[in-house]
Amino acid sequence: MKIDAHHHFWKYDPAEYDWISPEMETIRRDFLPADLFEEIKAVGIEGVVSVQARQCVEETRWLLEMAEVNDFIRGVVGWLPLISNSVQADLEKFAANQKLKAVRHVLQGEPDDDYMLRDDFNRGISALKNHGLVYDVLIYERQLLQAIKLVDRHPDQIFVLDHVAKPRIKNGVLQPWKRNIYELAQRPNVYCKLSGMVTEADWELWTPEQLRPYADCVLEAFGANRTMFGSDWPVCLVAGKYSQWLNTVRDFSMHLSTDEQDWLFGKTAEMAYQL
């Protein structure tokens with residue numbers, strides 16, 4: 001099955017989605033399952049993983065409700081209050097739904113880059129494994145060293161790195177991102193999404209050649225069997241069409257074997273998230 005391992009839904013509200021700036025006018029509207037289904041049907045994607053865009057329990061509940069009535073939504077990456085004393089009760093409640101596959105916190109938005117090293121946060125991460133849940137790591141490249149420390153505290157927990165840790169593509173900066181990506185990839189319990197790259201480049205002027213060194217690094221460091229395609233739709237629309245990003249990743253993978261391409265475009269997501 002061809003899988004898009006990372007996308008979002010929302011009913012647009014400027015207060016709830018204040019990160020959608022005026023420059024992102026094209027995505028300041030609702031994006032719901034029917035909209036995505038039209039996109040994926042046109043390009044041969046058969047299943048998707050829906051990822052939280054709001055940090056509230058209601059977001060997780062809403063995504064799971066949509067997953068229940070849309071078979072092409074194969075899994076949900078929700079949000080739960082990992083630092084809360086009630087996290088165990090929340091996990092027991094929501095993990096009973098088989099469509100919940102992972103949890104994510106917007107670490108890139110925390111003022112303190114060491115937030116992920118807090119004891120209470122790590123207690124929450126420690127509780128995920130018992131419920132068969134993955135943790136999605138959303139960070140900027142400057143937070144990679146902290147992310148490595150986080151992963152090392154939880155060697156039996158599955159982690160998925162979102163958006164290749166958002167390197168400074170627009171400025172063509174490879175180091176220290178590349179060095180830290182190779183270091184993180186040494187941990188076999190970490191997977192990586194080939195996603196979110198066009199929005200880290202110049203939205204109007206990006207080229208596949210500009211992105212290729214970053215994609216090549218990830219594919220070499222993690223291998224195709226720990227790398228998965230993600231569209232980051234509808235966020236990606238500020239820099240191009242869904243099909244444009246998909247075709248770009250297909251070009252990046254042309255040197256891979258047929259089996260490796262199958263991993264990149266589906267099997268890796270199926271394994272990591274137990275879809």
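**Note on the predicted model: aromatic pairs, sheet and helix packing**

1. Phe9, Trp10, Tyr17, Trp19, Phe31 and Trp233 are linked into a cluster by ring pairs. Rings of Phe, Tyr and Trp (its six-membered ring) pair if their centres lie within 6.5 Å; planes under 30 degrees apart count as stacked, over 60 as edge-to-face and the rest as tilted. This is a predicted model, in which local features need pLDDT of at least 70, side-chain atom pairs count only at pLDDT 80 or more, and totals for chains, interfaces and linings use all residues. Residues are numbered from 1 along each chain as its sequence is written, and side-chain values use heavy atoms, with hydrogens and water left out.

2. The structure holds 11 aromatic pairs. In one of them, the ring centres of Trp10 and Trp19 are 5.6 Å apart and the planes stand at 90 degrees, so this pair is edge-to-face. Trp10 is buried at 0% relative accessibility, while Trp19 is partly exposed at 36%. Here buried means under 20% relative accessible area, exposed over 50%, and partly exposed in between (1.4 Å probe, protein chains only).

3. Phe121 and Tyr135 also form an edge-to-face pair, with 5.9 Å from centre to centre and 85 degrees between the planes. Phe121 belongs to helix α4 (residues 119–128) and Tyr135 to strand β5 (residues 134–137), so the pair ties together parts that are 14 residues apart in sequence. Helices (H or I, at least four residues) and strands (E, at least two) are DSSP runs, numbered from the N terminus. Phe121 is buried, with a relative accessible area of 1%, and Tyr135 is buried at 0%.

4. Two strands pair if DSSP finds at least two bridges between them.

5. Strand β1 (residues 3–7) has 5 of its 5 residues buried, so the rest of the structure largely encloses it. Its link to strand β2 (residues 47–51) consists of 3 bridges, and the two run parallel. Asp4 has Val48 as its bridge partner in β2. Between β1 and β2 the chain passes through helix α1 (residues 33–43), and this β-α-β crossover is right-handed; that is, with the strands pointing away from the viewer, the path from the first strand over the helix to the second runs clockwise.

6. Ile40 sits in helix α1 and is buried at 1% relative accessibility. Ile40 and Asp4 are 36 residues apart in sequence and 8.5 Å apart in space, C-alpha to C-alpha. Apart from neighbours within four places in sequence, Ile40 is in contact with Ile45, Val48, Phe72 and Tyr242; contact means heavy atoms within 4.5 Å.

7. Further along the sheet, β4 and β5 pair in the parallel sense over 4 bridges. Asp136 is the bridge partner of Arg104 in β5. The loop between β4 (100–105) and α4 contains Gln108, which is buried at 17% relative accessibility. Leaving aside neighbours within four places in sequence, Gln108 has contacts that include Leu138, Tyr140, Arg142 and Lys166.

8. Gly132, in the loop between α4 and β5, is exposed, with a relative accessible area of 59%. Gly132 and Asp4 are 128 residues apart in sequence and 21 Å apart in space, C-alpha to C-alpha.

9. Axes are lines fitted to C-alpha atoms, for helices over the stretch in contact, and angles run from 0 to 180 degrees between N-to-C directions.

10. In helix α5 (residues 144–152), the buried residues include Leu144, Ala147, Ile148 and Val151. The buried residues of α5 pack against α4, β5, β6 (159–161), α6 (177–185) and β7. The axes of α5 and α6 come within 10 Å and cross at roughly 5 degrees. These two helices are therefore roughly parallel (angles under 35 degrees count as roughly parallel, over 145 as roughly antiparallel, 65 to 115 as roughly perpendicular and the rest as oblique). Where they meet, α5 contributes Leu144, Leu145, Ile148 and Val151, and α6 contributes Trp177, Asn180, Ile181, Glu183 and Leu184.
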